Amino acid sequence: MRFSDICNKQVINIVDGSLVGLVVDLGFDPCTYEIHSLFVQPLQPFVKKMLPWFFKCEQIQIMVKEIENIEGDVILVRFS
């Protein structure tokens, strides 16, 4: 699987069924080259998208151990 396959996929939290956001980046260990986390950007209102220099761009880090399913159209995670 490539990064382009999961980039911009929706991430759903199976604990409460909420949409966490879209995958924007990966975190990995530079020594072992193992992926340890996904960085997800929450969906933002229109104003925040149009004026990004006024609003902080937050990202949520989700560890690989919290991923339940990565197949299909969405990524399911157990994130508290």
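The model is a predicted one, in which local features require pLDDT of at least 70 and side-chain atom pairs count only at pLDDT 80 or more, while totals for chains, interfaces and linings use all residues. Residues are numbered from 1 along each chain as its sequence is written, and side-chain values rest on heavy atoms, with hydrogens and water left out.

The chain's secondary structure comprises 2 helices and 6 strands, taken as DSSP runs numbered from the N terminus (helices H or I, at least four residues; strands E, at least two). Along the sequence these elements are arranged as α-β-β-β-α-β-β-β. Of the 80 residues in the chain, 21% are buried, where buried means under 20% relative accessible area, exposed means over 50%, and partly exposed lies in between (1.4 Å probe, protein chains only).

The loop between strand 1 and strand 2 holds Asp16, which counts as exposed because its relative accessibility is 55%. The C-alpha atoms of Asp16 and Phe79 are separated by 9.1 Å, although the two residues are 63 residues apart along the chain.

The largest pocket comes next. A pocket is defined on a 1 Å grid over the protein atoms alone as an open set of points where a 1.4 Å probe fits, with protein on both sides within 12 Å along at least five of seven lines; lining residues have an atom within 4 Å of a point. Its space amounts to about 160 Å³, the volume being that filled by probe spheres set on grid points joined across faces, edges and corners. The lining consists of Met1, Arg2, Phe3, Ile6, Leu26, Ile35, Leu38, Val64, Ile67 and Ile70. By class, these residues comprise 9 nonpolar, no polar and 1 charged, with Ala, Val, Leu, Ile, Met, Phe, Trp, Tyr, Cys and Pro counted as nonpolar, Asp, Glu, Lys and Arg as charged, and the others, Gly among them, as polar. Helix 1 and strand 3 each contribute at least two residues to the lining. Phe3 is part of helix 1 and is partly exposed because its relative accessible area is 34%. The C-alpha atoms of Phe3 and Leu26 lie 8.2 Å apart, and the two residues are 23 residues apart in sequence.

On the surface, Phe28, Tyr33, Ile35 and Val64 make up a nonpolar patch with about 440 Å² of accessible area together. Patches of this kind join nonpolar side chains (Val, Leu, Ile, Met, Phe, Trp, Tyr) within 5 Å, from residues with over 30% relative accessible area and no salt bridge; areas come from the Shrake-Rupley method with a 1.4 Å probe. Val64 is located in the loop between strand 4 (60–63) and strand 5 (67–69), and counts as partly exposed because its relative accessibility is 39%. Tyr33 occupies the loop between strand 2 (19–28) and strand 3 (35–41) and is exposed because its relative accessible area is 64%.

Tyr33 also has a positive phi, about 60 degrees, although it is not a glycine. Asn8 is another non-glycine residue with a positive phi, of about 70 degrees. Most residues other than glycine have a negative phi. Asn8 lies in the loop between helix 1 (3–6) and strand 1 (10–13), and is exposed because its relative accessible area is 52%.

Finally, the structure contains 1 salt bridge, meaning a side-chain nitrogen of Lys or Arg within 4 Å of a carboxyl oxygen of Asp or Glu. Glu68 pairs with Arg78, their closest N and O atoms being 3.4 Å apart. This pair links distant parts of the chain, with Glu68 in strand 5 and Arg78 in the segment after strand 6 (74–77), 10 residues apart. Glu68 counts as partly exposed because its relative accessibility is 44%, and Arg78 counts as partly exposed because its value is 47%.

Notes
Patch = residues over 30% accessible without salt bridge, like charges linked within 9 Å, V, L, I, M, F, W, Y side chains within 5 Å.
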